[in-house]
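Please open the structure in a viewer and keep the selection panel at hand.

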Amino acid sequence: MTSQTSELAASLSADLGPVTPLPLPGAQLRRWGLIGGAALVATIVMGIRHDWAASMVAWPVIGHTAVLAAVAGSGAWAAIRLATPGEALPRAVGWPLAFGAIWLAWMAVDVALAGASGTLSEAGFGWRCVVRAVIGAAVPGAVLLVMVRRAMPLMATPAAVALAASTAAAGGLAAEWMCPNMAAMHMLVWHAAPVLAVVVAATILGRALVGHLASTGRVSLLD
Amino acid sequence: MSPEQERALGVLMARTQRADAVACDLLLEELQVVIRRFVRRRVGDVPWLEDAVQETLIAVHRGRHSWNPARPFVPWLYAVAQSRLIDVIRRERRVAAREVNHEKALAAACEHSVEAAVLAGSEVRAAMTSLSPPQRRIVELLKLEERSIQDVASALGMSEGNVRVIAHRAMARLRRAMGKA
């Protein structure tokens, strides 16, 4: 057995090539912020809501933006750290989830306060908001996914959840700044629900999404 | 582990990242001892201890780019070892559960009449041709010669975990070939 392990070590040593060490998590986060942030801002600018000037001083829009930015940033930070062995424990995913829960609760409270006017018919058919969110989330999500997969996501599910929360929040930001409809039910159904759906899907598909060490391939080589 | 040893491992890993074969040999040699001690401290002298050591060595080799030399090496190593150990424990539990089921199935099969067994035997022989040579050899040793997994592993120069996995896959293929999937 031990001699087998020595043989394995020898074969690994024979299969050696130079590798470039991953940058530190802080440097990766800055890179994600620069590329993803620039792409998100560009997307928003191209389709910004017509009342953007008024929105910049409207408390609900500022509040939503702050919370979504917190989800996106803390989610990216958690995903990058969870993908690097020894950098974080699974509970690192708690921050983005906590900020996300605040955002969802805010939406739910708005719907409750809207009372009779907050009916489902008020939600309308907001497929454009979903498209805006997908376009807005595409680059930040892709950049983060590449970063996570290039690292070593041993804790695949928490890393995938953090990645999904960050990406979905970036999409939520795009929808927030491109859609002028501030009706509570519309926001809940077409802005918040898709974000929640993405996070739930990532929880279920976590290992398939980011896990590349589910199998080392050693057994299948022998079989 | 002493701070000097930790630093030495970090230096060897940094040189391994630059494809220094001598450093890689030394590192893997040192790591075998460190990982074996890590696994033994957590789960004791289990039969699949070497499986866990080997899985960790492979993961360290594959994921060596994910360690940054500006960070301490040992927390990175232990995180990898812990993750591989959990996976090996889960796999061993699954395999153990399946082995128990196979044993029950075998006991149930023994209750059948001799005539049925002869008929089934010819069916099994035909199905055996669908197996790859290593699978066939392992099934023959385990089921026909009734040797233990430990015996088979040492006879074929494989780890017990591998023998279990190959045997499981072979049995699944046999069932499919016999239309009992």
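How many salt bridges does the rule find across the interface of chain A and chain B? In this predicted model, the rule finds one salt bridge there. To locate it, select R71(B) and E87(A), whose closest N and O atoms lie 2.5 Å apart. Between chain A and chain B there are also 11 residue pairs in polar contact.

Next, select the side of chain A that touches chain B. Both α1 (2–14) and α9 (218–222) of chain A supply at least two residues to this side. The most comes from α1(A), with eight residues. By class, the side of chain A that touches chain B holds 20 nonpolar, 14 polar and six charged residues.

Now display both chains together. Here 40 residues of chain A are in contact with 50 residues of chain B. The buried area is about 3,800 Å², with carbon and sulfur atoms giving 57% of it.

Then turn to chain B by itself, and colour domain 1 (3–98) and domain 2 (102–180) separately. Six residues of domain 1 of chain B are in contact with eight residues of domain 2 of chain B. About 610 Å² is buried between these two domains, 53% of it on carbon and sulfur atoms. Select D51(B), V95(B) and R98(B): they supply 65% of the area that domain 1 of chain B buries against domain 2 of chain B, more than any other three residues.

Finally, select E92(B) and R164(B), which form a salt bridge with the closest N and O atoms 3.2 Å apart. On the side of domain 1 of chain B that touches domain 2 of chain B, helix α4 (residues 73–110) of chain B provides the largest share, four residues.

How values were computed:
Residues are numbered from 1 along each chain as its sequence is written. Chains are lettered from A and ligands numbered from 1 in the order in which they are written. This is a predicted model: local features need pLDDT of at least 70, side-chain atom pairs count only at pLDDT 80 or more; totals for chains, interfaces and linings use all residues. Side-chain values use heavy atoms; hydrogens and water are left out. Domain bounds come from an automatic or database domain assignment. Contact means heavy atoms within 4.5 Å. Buried area is the accessible area (1.4 Å probe) that two parts lose on being put together, summed over both. A salt bridge is a side-chain nitrogen of Lys or Arg within 4 Å of a carboxyl oxygen of Asp or Glu. A polar contact is a pair of N or O atoms within 3.5 Å; within protein, one must be able to donate a hydrogen and the other to accept it, and residues adjacent in sequence count only if both atoms are side-chain atoms. Ala, Val, Leu, Ile, Met, Phe, Trp, Tyr, Cys and Pro count as nonpolar, Asp, Glu, Lys and Arg as charged, and the others, Gly among them, as polar.
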